[in-house]
Every structure is written in structure tokens, then in C-alpha cells.
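Here is a short tour of a protein model.

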Amino acid sequence: MKKLCVIGDPVLHSRSPLIQNAMLRELELPYVYTAETVPQKGLGAWLARAKAEGYAGFNATMPHKEALVPLVDKLSEEAAACASVNTVCIKNGKLYGTSTDGAGFLRNLSDAGVNPAGKRILLLGAGGAARAVLPALLSAGALSVAVCNRTADRAERLCALRPQVLRAAGFSPEALRREAEGADLLVNCTSLGMGGTGGQFEDFSFLDVLPAHAPVCDLIYHPPETALLARARARGHLALNGLGMLIHQAVCALEHFTGLALDAERMCAVARRALNR
Ligand code: NAP
């Protein structure tokens with residue numbers, strides 16, 4: 001059996017082994033996928049071990065996505081655009097790093113019939129998830145993106161990449177209301193609303209001014225419906241959680257690991273069945 005895994009710290013809560021093993025079983029492929037706790041300082045040593053032990057590849061989650069960027073031998077365009085690596089293939093002792101988060105995000109939108117092309121987008125957050133989502137939105141033809149983040153300079157640094165279409169804005173209730181007015185799509189990339197230590201939005205008045213046609217997409221999938229999504233749905237907005245993105249990024253990762261073009265619809269159904277069990 002060829003070895004695959006997800007590394008992170010913490011990682012034992014990760015759904016990736018469940019999703020990947022379900023897809024591998026369905027496809028009858030000779031791989032086994034595990035979760036391995038790798039602390040921040042242990043990444044270099046773990047990479048050497050993975051090469052020595054013949055791993056075919058691995059996924060990475062917190063805190064390794066950025067740290068892997070300078071450590072891989074070849075970085076894909078997608079990974080360079082978001083300065084983050086979540087998928088690494090190991091071939092002949094060389095590390096090939098990419099990021100499937102942006103593609104997973106777009107495929108999830110597409111499944112729901114949402115096309116960012118020509119849209120004015122309000123993006124909340126400027127952390128790792130926002131860095132993956134932003135280039136994906138731009139590559140899909142977004143007209144403009146307002147990036148609202150609590151720490152202003154993080155949003156400003158992100159927006160400096162394409163000042164013609166990106167605009168940094170604050171995270172006060174007034175700033176959020178100002179940016180929500182006239183937005184065609186709202187994407188929450190903050191951890192506000194996430195189960196456990198995610199915190200919560202203090203004020204949802206931006207939903208009062210968000211146009212009714214604008215879908216609201218939350219990257220969070222635990223809980224399946226955040227307070228943001230519940231309120232948006234109650235107001236008649238299309239409300240999308242992050243589970244589809246999680247599954248689609250896993251399908252994209254498996255395509256990289258195996259070199260196979262997979263039937264995304266079939267693989268998503270397999271993953272959802274495994275998660276519901
Ligand atoms: P991160 O790098 O730690 O960024 C966290 C973001 O949330 C930052 O923008 C941060 O603002 C903001 N934030 C945190 N606490 C806040 C508060 N009290 N008030 C206002 N803003 C606050 O985390 P990440 O990797 O981007 O992940 C963000 C969320 O996306 C998580 O819930 C994660 O589970 C989810 N996610 C889902 C998928 C998926 O496949 N569906 C993939 C990746 C991430 P500051 O810059 O001011 O700190």
C-alpha cells in the first residue's frame with residue numbers, strides 16, 4: 001500500500017482521512033491515508049522521514065501551510081498565488097507543492113450555481129483561508145473585492161497585490177454595512193462562528209443592507225450552519241457552508257496524488273456518505 005497522510009498540529013480531529021479513505025476504497029486504489037501530528041518545529045525532520053519512508057504525498061493543515069512554501073522543490077502557480085501549500089506529492093525524493101483550497105472553493109460555488117464573474121464581492125478576513133480564496137475569485141473574473149479584516153494592515157497587504165480591483169476596508173459595524181451595500185456575494189473567511197474557539201460576530205446589521213440576490217458563503221463547516229448563515233438564510237439569501245469546499249479540495253488533492261482525473265460529482269457523493277455515517 002502506498003502511504004498518504006495529513007500533517008498538522010492539532011490534526012487528529014481532521015476529516016481528511018475519512019474523506020480520502022472513502023474515495024480510495026471506492027476507486028479501489030492501493031493507498032492508505034492517515035493523520036500524523038507534526039509540531040511546527042518538527043516539519044523539516046518529518047519531511048526527511050516521509051521521503052525516506054516512501055510516502056506518495058501528504059496534505060498539510062495548520063500550522064504548516066505557509067512554512068511549506070520555501071521547503072518544496074517545486075511550487076505550483078496556485079500555491080505561489082496564495083503563498084500556501086496544502087498538498088504535496090513526493091516523486092523521486094522531490095516535493096511538489098500546490099494548493100487545492102482555491103479550486104475547492106470555486107467548485108463549491110459552482111455546485112450551488114454561483115459564478116463570481118463580474119461580481120462585487122465582500123470578503124471577510126485576511127488570514128490563510130482568505131489568501132486562498134482571493135486569487136481564486138480574481139481568476140474567476142470577480143469585478144471587485146472589498147477585504148474587511150479586524151487587523152487592517154493584513155487586509156492592506158493582501159489588497160496591495162491588485163489595487164485596481166482589491167480594496168481594504170475595516171471591520172467595524174459601519175465599515176461592514178458600507179461594504180455590504182451593493183455587494184453581489186459575501187464570503188466569510190474569518191473564524192467567527194466556528195465551533196470551539198472561533199468567537200462570534202458582534203453585529204449582523206450588515207445583513208440588513210446586503211442586496212437580497214447576494215449569496216452568503218461561509219468557509220466554516222463546523223457547525224454546519226453558523227449564526228451568519230442562519231440569519232442570511234432567514235432573510236432569503238442563498239446560504240452556503242464550507243463543507244463542499246472541504247470535500248472538493250480533497251478531490252483535487254487526490255487527483256494530484258494519483259494523477260487521475262476523477263469524477264468530482266461521484267467522489268463528492270462518496271465523501272458526503274462517509275461523513276454522514
Ligand atoms: P487564520 O489564518 O487564523 O485567519 C483567521 C481570520 O479570522 C483572520 O482574518 C482574523 O482576523 C479573523 N478573526 C479571528 N478572530 C476574529 C475576531 N474576534 N474578530 C474579527 N476577526 C477575527 O485562519 P484561516 O486558516 O484563514 O481559517 C479561517 C476559517 O476558515 C476557519 O474557521 C477555518 O475552519 C475555515 N476554513 C475552511 C476551509 C474549508 O475547506 N471549508 C478551508 C480553510 C479554512 P485578524 O487578521 O485580525 O486576526
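This is a predicted model: local features need pLDDT of at least 70, side-chain atom pairs count only at pLDDT 80 or more; totals for chains, interfaces and linings use all residues.

E7 is mostly covered, with 4 of its 5 residues buried. Strand E7 covers residues 120-124 and pairs with strand E10, residues 185-188. That pairing is parallel and uses 4 bridges. E7 also pairs with E8, again in the parallel sense, over 5 bridges. Look at Leu123. Val187 in E10 stands opposite Leu123. Val147 in E8 stands opposite Leu123 as well.

**The parallel sheet**

Which order do the strands follow? This open sheet has 6 strands in the order E9-E8-E7-E10-E11-E12, and the pairing is parallel. Strand E9 (166-169) and strand E12 (239-240) stand at the edges. Each has a single partner strand, so one side of each is left without a neighbour in the sheet.

Helices pack here too. Helix H5 (residues 128-139) touches E7, strand E8 (144-148), E9 and E10. The direction of H5 makes about 170° with that of E7. Helix H9 (residues 227-234) lies across E10, strand E11 (216-218) and E12. H9 runs at about 165° to E11.

**The mixed sheet**

A second open sheet has 6 strands in the order E2-E1-E3-E5-E6-E4, with mixed pairing. Strand E2 (31-37) and strand E4 (74-75) are at the edges. Each of these has a single partner strand, so one side of each lacks a neighbour in the sheet.

| Strand pair | Sense | Bridges |
|---|---|---|
| E1 (residues 2-8) and E3 | parallel | 5 bridges |
| E3 and E5 (residues 87-91) | antiparallel | 3 bridges |
| E4 and E6 (residues 94-98) | parallel | 2 bridges |

Now go to single residues. The bridge partner of Lys3 is Tyr55 in E3. Gly57 has Cys89 in E5 as its bridge partner. Leu75 stands opposite Gly97 in E6.

H1 packs on this sheet and touches E1, E2 and E3. The direction of H1 makes about 175° with that of E2. Helix H2 (residues 43-52) packs on the sheet too, touching E1, E2, E3, E5 and E6. The direction of H2 makes about 150° with that of E3.

**Two helices in contact**

Two packed helices are described by the angle between their axes and the distance between the axes. Helix H1 (residues 16-27) and helix H10 (residues 243-258) pack at an angle of about 50°, and their axes are 10 Å apart. That angle makes H1 oblique to H10. The crossing is right-handed.

Which residues make the contact? H1 contributes Ile19, Gln20, Met23, Leu24 and Leu27. H10 contributes Leu246, Ile247, Ala250, Val251, Ala253 and Leu254. The residues of this contact divide into 10 nonpolar, 1 polar and no charged.

**A buried asparagine**

Last, find Asn108 in helix H4 (residues 101-111). Is Asn108 buried or exposed? Its relative accessible area is 6%. Buried means under 20%, so Asn108 is buried. Which residues does Asn108 touch, leaving aside its neighbours within four places in sequence? Asn108 is in contact with Leu240, Asn241, Gly244, Met245 and His248.

How values were computed
Residues are numbered from 1 along each chain as its sequence is written. Side-chain values use heavy atoms; hydrogens and water are left out. Two strands pair if DSSP finds at least two bridges between them. Axes are lines fitted to C-alpha atoms, for helices over the stretch in contact, and angles run from 0 to 180 degrees between N-to-C directions. Angles under 35 degrees count as roughly parallel, over 145 as roughly antiparallel, 65 to 115 as roughly perpendicular and the rest as oblique. A crossing is left-handed if the near helix is turned anticlockwise from the far one by less than a right angle, and right-handed if clockwise. Contact means heavy atoms within 4.5 Å. Ala, Val, Leu, Ile, Met, Phe, Trp, Tyr, Cys and Pro count as nonpolar, Asp, Glu, Lys and Arg as charged, and the others, Gly among them, as polar. Buried means under 20% relative accessible area, exposed over 50%, partly exposed in between (1.4 Å probe, protein chains only).
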